[in-house]
Amino acid sequence: MLIYLESRSIPSKTWQVLSPLAALLGTLILGVVLFGLLGKPPIVTLQTLFISPLSSFYGVTELAVKAAPILLIAVGLAVCFQAKVWNIGAEGQFTVGAICGGAVALTFPNINNYILLPISLITGVLGGVAWASITAFLKMRFNTNEILTSLMLNYVAASLLNYLVHEPLKDPKGFNFPESAPFSEFASLAPLIAGTRLHLGIILAVLVAVLIWGVLRQTFFGFSVKVVGSSSKAAVYAGIKSDRIIWLTLLISGGLAGLAGVCEVLGPIGQLRPSISPGYGYTAIIAAFLGRLNPLATIFSSLLMALLYVGGELVQIKLGLSLALAGMFQGILFFFLLAADILIYNRVRVRL
């Protein structure tokens, strides 16, 4: 008996829907096996990972707090990826956005006016845009590979943040800890509900997802992005300037990643620290693909990624497993997603 793959003439729409579900099912099955090998009760561990975070109102709000930066970044990446522009530098754009917005808040601590908050947010967006423009410039001017340049810029951004919180932005009253002074209340995203960490960035993230979905679906820009992503020759034939689309998609992605970064430091964190992200920029790549590059669908995939973070923390506390468990599950999920995507373009055939 011979099992082989046969290419489809048209990609399967059914498997485009079923593929993420199959990936999730495969991840759960492998999780049961792994927890069993680790000597932990599989069902209890999976329940702690996926169900416990949803069993209380505070847990649900924490889920939203974690999902907000992932969603903002994933929506921007969805725009890029639809144009076949492979921006892997969202982590760095997130970091630079946080640095720029946080630096403004720290530079003007005595401005007792709520105008400081929107200025800080806008500066964070511009920081992300500026960082993404480096990748766009190198690609357009020197035809560099945007995957490599954007990825390397992530490490540059992390080093820049590390230097700033150890030197110029270090809090002189911080007992020599490498962190900035706390932001003033006029530059902070205050909790929307007392006793939780829900902040305005969560509402912004959902609004941005809906807005970008509308732009991609209803405007000529959205049409141009899809044409450029489908065929550069078709774009030329249609009179669409591919260079302009590449620039715009990268800048939109960088701006949204920058917004995610500044919201994170002005909201839940409240200051600049050497580490401000558990890897949101990389997690958002999985969220974008899991949501099929649809901004509305990424709302749900971002919530799933956030669930892994919150559930991972609970598993660490209650069962003593490493916090890296969340990252491992994200990797497994992405692996199964890519594997299941084969069935979108191929049929499984059996020859006796």
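View 1. The largest cavity holds about 30 Å³. Its lining (residues with an atom within 4 Å of a point) is Ala68, Pro69, Leu72, His199, Gly201, Ala260, Cys263 and Glu264. That splits into five nonpolar, two polar and one charged (nonpolar: Ala, Val, Leu, Ile, Met, Phe, Trp, Tyr, Cys, Pro; charged: Asp, Glu, Lys, Arg; polar: the others, Gly among them).

This is a predicted model, with local features needing pLDDT of at least 70, side-chain atom pairs 80 or more, and totals for chains, interfaces and linings using all residues. Numbering runs from 1 along each chain as its sequence is written, and side-chain values use heavy atoms, without hydrogens or water.

**View 2. The largest pocket.** Here a pocket is an open set with protein on both sides within 12 Å along at least five of seven lines. This one has about 710 Å³ of space. Of its 21 lining residues, Gln16, Gln82, Arg292, Leu293 and Tyr345 lie nearest the centre. The lining has 10 nonpolar, five polar and six charged residues.

**View 3. Helix H4, residues 90-107.** Helices are DSSP runs (H or I, at least four residues), numbered from the N terminus. H4 is largely enclosed by the rest of the structure, because 14 of its 18 residues are buried (under 20% relative accessible area, 1.4 Å probe, protein chains only).

Definitions and conventions
On a 1 Å grid over the protein atoms alone, a cavity is a set of points where a 1.4 Å probe fits but cannot get out, and a pocket is an open set with protein on both sides within 12 Å along at least five of seven lines; lining residues have an atom within 4 Å of a point. Grid points are joined across faces, edges and corners, and a volume is the space filled by probe spheres set on the points. Helices (H or I, at least four residues) and strands (E, at least two) are DSSP runs, numbered from the N terminus. The expected span of a helix is 1.5 Å times one less than its number of residues. Buried means under 20% relative accessible area, exposed over 50%, partly exposed in between (1.4 Å probe, protein chains only).
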